[in-house]
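Have a look at the fold below before reading on. The notes that follow go from the whole chain to the sheet and then to the helices.

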Amino acid sequence: MVHRPPRTLPDSGRLAWWLTAWLRGLVSPDELLDSVRGDDAAHDVVDLPGAREPVPLVLSLGRLRGLGATGAGLALPAEGDLVGLGGPPAFNLEAVDQGEAVVLADAGLGLVPVRAGRGVVWRALPASRRQLPDVGEADRSLRSALIGTADALAALEVARWRPELADELMALRRHQPEPGPAGTPPACVDLASRGCLALRIVDLALEDDGVAISVAEAAARREAVRSLGAAARRAVVAACSPEAWPGP
């Protein structure tokens with residue numbers, strides 16, 4: 001059996017990578033489907049222009065190309081921080097509710113994933129162009145935020161009562177990126193992996209405020225990881241959006 005590294009990207013990040021590669025003729029539809037679906041039961045697209053019924057993901061590819069899609073990028077919005085989104089409000093609202101979305105370049109369309117049992121339903125909605133950080137800027141911001149957060153959490157002695165967080169911090173030194181499809185810049189594969197790991201650190205650090213010694217410590221911990229979460233989401237968005245990739 002071939003060993004596969006752990007899947008770390010959000011559903012929308014993985015679809016953005018592989019759909020971009022397919023639109024550029026670098027991977028086959030079956031490669032895209034296998035990589036995006038993984039162990040899920042099915043991925044379907046609903047509300048696709050011109051389709052009255054749900055369309056299996058693999059059958060939606062030709063329709064998306066026919067609508068003008070030339071690439072696909074990621075959005076990872078949060079309340080008050082719509083990174084990767086450009087509107088309209090209906091699309092932003094759906095994307096924030098799910099915490100992620102795909103924006104199709106040049107098609108005026110976006111896809112928002114909703115987990116349904118063991119599968120994913122992608123809802124198609126009108127979507128506008130957006131502004132993105134470039135990969136180099138996002139990388140520098142993530143590195144700076146990681147240093148600052150690690151120092152702050154160390155000062156709060158987080159590792160003493162959350163040893164798994166200390167393990168995640170150590171994993172930054174030995175992380176193995178999830179492989180990207182052909183055409184994905186290696187720097188973006190690495191950045192996406194580090195950004196996803198940073199988001200995991202944020203999740204762990206914000207769990208169980210009750211284990212902090214005081215309310216003040218809980219507030220200090222939230223503040224310590226706030227900037228890391230924002231930097232990590234920007235890093236993953238840039239790494240999974242071809243509009244932000246460096247030129248050849």
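What share of the 248 residues in the protein chain is buried? Buried residues come to 49% of the chain in this case. Keep in mind that this is a predicted model. As for contacts with a separation of 6 or more, 66% of them link residues 24 or more positions apart. The chain exposes about 12,100 Å², and carbon and sulfur atoms supply 54% of that.

Now for the sheet. It is open, with mixed pairing, and its six strands run in the order E2-E1-E6-E5-E4-E3. E2 and E3 stand at the edges with a single partner strand each, so one side of each has no neighbour in the sheet. Further in, E5 and E6 pair in the antiparallel sense over eight bridges, and Gly 110 sits opposite Leu 125 in E6.

| Strand | Residues |
|---|---|
| E2 | 55-56 |
| E3 | 71-75 |
| E4 | 101-105 |
| E5 | 109-116 |
| E6 | 119-126 |

Helix H4 (residues 89-98) lies across E4, E5 and E6, running at about 35 degrees to E5.

Then there's the pair H1 (residues 11-23) and H2 (residues 29-37). Their axes come within 10 Å and cross at roughly 175 degrees. Angles over 145 degrees count as roughly antiparallel, so that is how H1 and H2 lie to each other. On the H1 side, the contact involves Arg 14, Leu 15, Trp 18, Leu 19 and Trp 22, which meet Pro 29, Glu 31, Leu 32, Ser 35 and Val 36 in H2. By class, that contact has seven nonpolar, one polar and two charged residues.

Conventions: Residues are numbered from 1 along each chain as its sequence is written. This is a predicted model: local features need pLDDT of at least 70, side-chain atom pairs count only at pLDDT 80 or more; totals for chains, interfaces and linings use all residues. Side-chain values use heavy atoms; hydrogens and water are left out. Axes are lines fitted to C-alpha atoms, for helices over the stretch in contact, and angles run from 0 to 180 degrees between N-to-C directions. Helices (H or I, at least four residues) and strands (E, at least two) are DSSP runs, numbered from the N terminus. Angles under 35 degrees count as roughly parallel, over 145 as roughly antiparallel, 65 to 115 as roughly perpendicular and the rest as oblique. Contact means heavy atoms within 4.5 Å. Ala, Val, Leu, Ile, Met, Phe, Trp, Tyr, Cys and Pro count as nonpolar, Asp, Glu, Lys and Arg as charged, and the others, Gly among them, as polar. Buried means under 20% relative accessible area, exposed over 50%, partly exposed in between (1.4 Å probe, protein chains only). Accessible areas come from the Shrake-Rupley method with a 1.4 Å probe; for residues, only the protein chains shown count as cover. Two strands pair if DSSP finds at least two bridges between them.
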